[in-house]
Amino acid sequence: MKFRPFPSPVVLLLALLHVYVGVRLLLPFGALAQFAGGVVLAVCFWLFPKGFWIRDDRGPWAVLLPWLAAGFFSWLLVLTVVRDVSLIVSALALSPELDESWTRLSAIGVMALTPAITLVGFFMARRVAPVVDVEVPLAGLPKALEGFTIAQISDIHVGATIKRDFVEAIVDRVNGLRADMVAITGDVVDGSVPDLAHDTEPLARLTSRHGTYAVTGNHEYYSGAHEWIRELERLGAKVLMNEHVVLDHDGAALTVAGVTDWSAHHFDPAHRSDPQAAAKGAPEHALKILLAHQPRSALLAEGAGYQLQLSGHTHGGQFWPWNFLVRLQQPFTAGLNRLGRLWVYTSRGTGYWGPPMRFGVPSEITLIRLVGA
């Protein structure tokens, strides 16, 4: 996996942020504590990823440790900023003696909370995603489709830290749901087919009544989308490229459509995402479900007459407070939402990207169940 370094201004900014944290947290303490804290921050900066990719040919911990350092420092920085805000309040509201006491106590609190949150977030990210049951009420649902189930997995991000055993555990849990169909809503991988084919191979074991359907995510385009489309098809998934299939479920027709990622045209103009084209020729009165990696496909999907869109991409923000920034780019962050006549379900993701951390934003395997409204 090629290493793509950050430009030097970004590295300089990272260094300055580490200095800021050190100054704000360590000044209330003696020389020994300042030295020890400075060493920790220096090691954290040294480990901190200096690029978008980390070489994964030196063993799993050589990859995990830099990303853990990134997650650790993220929380250290956020909590330091929160502490600084609290110090402004304490300086205005408390006596000098209590304010001085809070200055030391709050610094200790940040230094204790950060490793604790990092540890909890690591275990939440690395566990097998729990199943989230979601009922979607649809008006005019044919009786034969009442209770139809879709097992959705999204944003696994097989790559430097997510390997074959992680994927095998996901497949086992999905198969245990005995769903009517499986939907993979993009960002399966972070790397090339030659590098990751062994790790994605368990996806071939996914089973359901009507099979597995997938769409591309933005990370497939970073990793060689054309090769991954062929590989996913080889593994038994039907990759829907602005197209649809019509399922016959006990005599009722169900249209399952899929679009390429919202940003796909930047990599291949022929892959421009088009929900309208994906529904072309579908039975007029059949229920229409769209698989679209990014929630922001919803506006076009609603106009094209879909009743339900399944998406991912956001990771639910992955961990606080970055989940609040998702809304600057996407209409929905996570869960079931309504846009006009369209229901949109946004998965928090089945894996993770970057720091192996999911504090407060758990991963999920989603079991979507269609019910009459």
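User: Where is Arg83 found in this model?
Analyst: Arg83 sits in helix H3. The model is a predicted one.

User: Why is Arg83 called buried?
Analyst: Its relative accessible area is 3%. Buried means under 20%. The value of 3% falls under that cut-off, so Arg83 counts as buried.

User: Which residues does Arg83 touch, leaving out those up to four places away in sequence?
Analyst: Arg83 touches Arg24, Leu25, Pro28, Thr103, Ser106, Ala107 and Val110.

User: What makes the approach of Arg83 to the backbone oxygen of Thr103 a polar contact?
Analyst: A polar atom of the Arg83 side chain lies 2.8 Å from that oxygen. The cut-off for a pair of N or O atoms is 3.5 Å. The distance of 2.8 Å is within 3.5 Å, so the pair meets the distance cut-off.

User: How do you know that Arg83 and Asp84 form a salt bridge?
Analyst: Their side chains meet at 3.9 Å, N to O. A salt bridge needs a side-chain nitrogen of Lys or Arg within 4 Å of a carboxyl oxygen of Asp or Glu. The value of 3.9 Å is within 4 Å, so the pair qualifies.

User: Why can such side chains pair at all?
Analyst: Side chains of opposite charge can pair when their charged atoms come close.

User: Which other residue is linked with Arg83 and Asp84 in a network of salt bridges?
Analyst: Arg24 is linked with them in that network. The side chains of Asp84 and Arg24 meet at 3.0 Å, N to O, in a salt bridge. This pair links distant parts of the chain. Asp84 is in helix H3 (residues 60-93), Arg24 is in helix H1 (residues 8-26), and the two are 60 residues apart.

User: Why is Asp84 called buried, and why is Arg24 called partly exposed?
Analyst: Asp84 has a relative accessible area of 15%. That is under 20%, so Asp84 is buried. Arg24 has 31% relative accessibility. That lies between 20% and 50%, so Arg24 is partly exposed.

User: How many salt bridges does a search of the whole structure find?
Analyst: The search finds 11. One of them joins the side chains of Arg164 and Glu201 at 2.8 Å, N to O.

User: What does the pair of Arg164 and Glu201 tie together?
Analyst: Arg164 lies in helix H5 (residues 164-175). Glu201 lies in the loop between helix H6 (193-200) and strand S4 (212-215). The pair therefore ties together parts that are 37 residues apart in sequence.

Terms used. Residues numbered from 1 in each chain as written. Predicted model: local features only at pLDDT ≥ 70, side-chain atom pairs only at ≥ 80, totals over all residues. Heavy atoms only, no water. Helix = DSSP H or I, 4+ residues; strand = E, 2+ residues; numbered from the N terminus. Buried < 20%, exposed > 50% of the residue type's maximum accessible area, 1.4 Å probe, protein only. Polar contact = N/O pair within 3.5 Å; in protein donor to acceptor, adjacent residues only side chain to side chain. Contact = heavy atoms within 4.5 Å.
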